[in-house]
Amino acid sequence: MHFVPANILVDSEEFNLALLQMAVGTSKVDNLARAVGMVKQAAGKGANLVVLPECFNSPYGTSYFPEYAETIPGPSTQTLSQAAKDNNVFLIGGSIPEKSSDGRLYNSCPIFRPDGTMVAVHRKIHLFDINVPGKIKFQESEVLSPGNTLTIFDTPFCHIGVGICYDIRFAELAQLYARKGCKLLVYPGAFNMTTGPAHWEALQRGRAIDNQVYVATVSPARDDSASYVAWGHSTIVSPWGDIVATTQHGEEIVVGEIDMDRVEEVRSMIPICSQRRQDLYKVIDVHECSENGMEDSLNFYQATITSGRWIEGNIETQTSNWEFIARFCFLSKLGSLSYTFEYPVSYGTQEILLYFDEPGQWESVYRSNKNCSARRSVLSLENNQVIALNTSNTAISRFSGCTVATTNGQAFYSCSGIRTFRSMRERWWYIVVARCDEPLDKVQGLKFYYKLHLTNGEENEFLQYEYSADEFYIFPEDMAYLVAYIIMMALSIVCAVILRNRQLFHSSYKLYMASLSLWLSGLILLCIAWGRYGQYGWQEKPTEVTGRIFQAASTIIFILMVILMAKGYTITRGRLTSISLIRLSIFFSLFIIIYCFLFIWEGLFFDEGLVLYYYESPPGYGLIAMRLVAWLWFLYALFFTLKHHPSKRTFYLPFFIIYTLWFWAGPVVILAAMFGMPKWSREKTINAVEQFVGLCGHLFFLILTRPQAANKNFPYHVKTSQIGILSDPADNDTITGSSTFRSEAYATSSPDMLLPQISRENGTLPPVLGFALPPIQHALPSAPPI
């Protein structure tokens with residue numbers, strides 16, 4: 001379903017609706033000018049909502065659709081946007097032939113707010129394919145494609161459902177709109193001279209009476225010279241089936257008053273909503289069904305599925321009458337909450353309570369000792385922060401979208417509706433269900449099924465629609481880093497091959513490659529999780545957590561590698577002593593345990609009502625502390641390595657500067673974000689920083705260890721096949737706990753860099769392992785292996 005909400009405003013009981021039955025010609029420019037003029041006239045007659053006819057900018061016919069089709073947004077929608085803004089009206093733009101980005105054609109209805117914002121586009125769901133022998137044959141499907149979504153938009157007056165022409169023949173669509181809280185259904189249409197006299201008014205009255213809603217239809221004016229002759233007779237019908245306003249077939253503006261009290265009056269006199277036998281039949285929206293049978297609202301239990309911005313579950317409590325469900329960071333005027341609730345009538349009235357992130361609101365009630373009524377009292381009824389889920393006609397329940405249904409002899413409230421949010425900035429909203437004022441003779445606790453859809457912006461805005469405002473742009477950030485890591489992995493593989501050919505592919509470089517591979521794998525999984533979340537609205541939590549586990553393993557391996565290199569391992573030392581291995585094992589085992597505890601804690605104890613991010617937790621603070629302890633160890637090892645091997649300072653000085661910044665960057669930014677950054681921007685900031693720090697750590701290592709840096713700052717000077725020979729187990733460094741290389745020569749670009757070479761001046765061999773070799777008087781035979 002495509003729902004477009006208006007701001008949270010005080011609801012109005014009456015408003016004026018204008019139907020523009022305009023004459024349509026073959027000139028799109030003239031049609032648009034005529035439409036703009038009639039919108040202005042309608043506004044002058046006091047209209048709050050104005051509706052244009054089907055295909056108002058082009059003749060109606062399959063031969064015309066490709067010729068007149070345009071993109072949305074496009075020239076026609078820009079004209080309508082300005083007309084809505086200039087006249088300060090809600091404007092339903094009839095329909096126009098739309099050409100989509102993939103080349104398909106649709107019969108589409110754009111909808112505009114009084115500020116000119118296009119808030120929705122309804123694509124005709126049911127294509128007009130009929131064959132009445134001897135009278136009319138028409139096949140829209142020859143050139144048009146059907147739409148796939150229901151469209152509801154909100155106004156200060158009521159929720160409004162939109163269909164186009166042939167859509168009115170399908171009673172199930174109107175029933176779904178009514179069940180979702182719509183009290184006015186609008187159908188721009190162009191019935192013809194065969195179906196018009198027979199069915200036009202009958203269908204309108206049928207839809208109105210069946211669902212106890214207002215129905216409005218808008219036709220083009222009749223043109224007897226056109227290839228397709230419209231019936232005209234634009235009409236407004238009341239929930240009782242009365243004709244509120246109508247006209248004949250000429251060009252005319254039809255204005256009628258829509259009275260919301262009349263809807264409630266009719267429903268109270270003939271309460272068909274509460275009399276439906278949903279134990280025998282039910283009309284459902286297929287988008288609300290799931291594999292686990294969410295339509296079965298009778299089996300209540302304590303369960304909640306919050307795996308994304310679609311949130312659903314069943315909750316039953318014995319004594320608690322105030323339950324927190326979810327939180328979401330909404331954009332002002334663009335954030336939308338679409339809800340469905342079902343619960344037994346015997347539980348009295350349950351309410352949706354909407355708190356925002358101010359000290360006097362959420363912080364003052366959550367985990368407090370206040371009772372339910374005291375917690376409810378901090379909310380403003382004028383700001384529509386309380387929604388009573390019942391069928392009464394009070395200010396807080398009138399637009400709750402509730403009906404009463406009977407299943408297996410038990411009466412249930414079934415409520416569907418939408419709310420939007422208006423504030424000075426992005427704001428966290430917390431959603432609670434409560435029943436605070438019920439008498440003691442009622443059953444205690446709460447019992448309800450719910451499904452929520454929390455969104456920001458328009459449905460076609462992939463980077464925003466399904467995401468909380470604090471999650472905006474995480475997906476494109478991760479995709480950019482993924483591309484960078486793929487490039488870095490390719491370069492690292494090339495360097496690894498070169499080092500392997502030179503017998504310089506040491507264990508420390510293998511650790512780097514393992515860390516890089518794990519980080520890249522984790523990034524791929526995160527991109528999949530965030531991408532599918534943006535596409536479907538259901539967060540891929542297992543995929544996301546697995547990606548984070550991969551990146552956690554990458555971080556641990558990388559810190560191990562950095563500390564080992566600071567100790568000189570594979571650079572100035574050949575092996576570590578037992579005491580060093582024990583210390584490293586204890587430290588990194590503790591590191592792994594804390595990471596595991598973080599993921600366990602997040603899964604079992606994470607309270608969204610109190611904590612916004614996993615770093616704001618005991619294991620999160622533990623990880624920050626462990627990273628700083630690792631930095632101190634890094635400094636300690638590096639100090640003694642440089643003290644004993646100053647010739648390696650060309651490598652170790654940049655190594656020290658870069659990785660000191662690397663160790664500190666994450667904790668500093670994370671702590672700054674938690675204590676100094678607005679809550680609505682933390683998650684995307686922390687994600688960007690974590691990915692950037694990881695990228696810098698791997699990139700700087702690749703730069704420092706590139707083979708082209710030989711004889712400058714290249715760390716490796718001993719072949720992998722020579723470590724066991726060149727390291728002296730007896731030469732133990734009691735301070736750093738490792739055996740050292742006696743040779744300090746830097747690497748050359750030749751794989752034979754450590755083979756003895758004959759001096760051209762005196763025929764002597766250079767010292768090897770500290771021993772001078774005698775002069776060679778004759779040709780040197782094949783050098784023995786070292």
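How many of the 786 residues of the chain count as buried? The answer comes to 56%. The model behind this figure is predicted, and the values below are computed from it.

Start with the overall picture. The chain has an accessible surface of about 32,700 Å², and carbon and sulfur atoms account for 57% of that.

For Leu353, the bridge partner in S22 is Val386.

Next come the cysteines. A disulfide is a covalent bond between the sulfur atoms of two cysteines. The structure holds two disulfides. One of them joins Cys372 to Cys436, with an S to S distance of 1.8 Å. The torsion about the S-S bond of Cys372 and Cys436 is about -60 degrees, so this disulfide is left-handed. The pair ties together distant parts of the chain, 64 residues apart: Cys372 belongs to helix H9 (residues 372-376), while Cys436 is in the loop between strand S25 (427-434) and strand S26 (447-456). Are Cys372 and Cys436 buried or exposed? Both are buried.

The other link is formed by Cys402 and Cys415, whose sulfur atoms are 1.9 Å apart. Here the angle about the S-S bond is 110 degrees, and the link of Cys402 and Cys415 is right-handed. This pair, 13 residues apart, links Cys402 in strand S23 (residues 402-407) with Cys415 in strand S24 (residues 410-420). Cys402 and Cys415 are both buried. Counting the bonded cysteines along the chain, the disulfides follow the pattern 1-4, 2-3. Cys165, by contrast, is in no disulfide: the nearest cysteine sulfur belongs to Cys55 and is 9.0 Å away. Cys165 counts as buried because its relative accessible area is 5%, under the 20% cut-off. Cys696 is also buried, at 16% relative accessibility.

Finally, there is a loop residue to look at. Asn192 is found between strand S12 (182-188) and helix H5 (195-211). Why does Asn192 count as buried? Its relative accessible area is 3%, and buried means under 20%. Which backbone nitrogen lies 2.8 Å from a polar atom of the Asn192 side chain? That one belongs to Thr194. The backbone nitrogen of Thr195 lies 2.9 Å from a polar atom of the side chain of Asn192. Leaving aside neighbours within four places in sequence, Asn192 is in contact with Phe128, Ile136, Pro197, Tyr228, Val229 and Trp231.

Key. Residues are numbered from 1 along each chain as its sequence is written. This is a predicted model: local features need pLDDT of at least 70, side-chain atom pairs count only at pLDDT 80 or more; totals for chains, interfaces and linings use all residues. Side-chain values use heavy atoms; hydrogens and water are left out. Two strands pair if DSSP finds at least two bridges between them. Helices (H or I, at least four residues) and strands (E, at least two) are DSSP runs, numbered from the N terminus. Buried means under 20% relative accessible area, exposed over 50%, partly exposed in between (1.4 Å probe, protein chains only). Accessible areas come from the Shrake-Rupley method with a 1.4 Å probe; for residues, only the protein chains shown count as cover. A polar contact is a pair of N or O atoms within 3.5 Å; within protein, one must be able to donate a hydrogen and the other to accept it, and residues adjacent in sequence count only if both atoms are side-chain atoms. Contact means heavy atoms within 4.5 Å. A disulfide is a pair of cysteine sulfur atoms within 2.5 Å.
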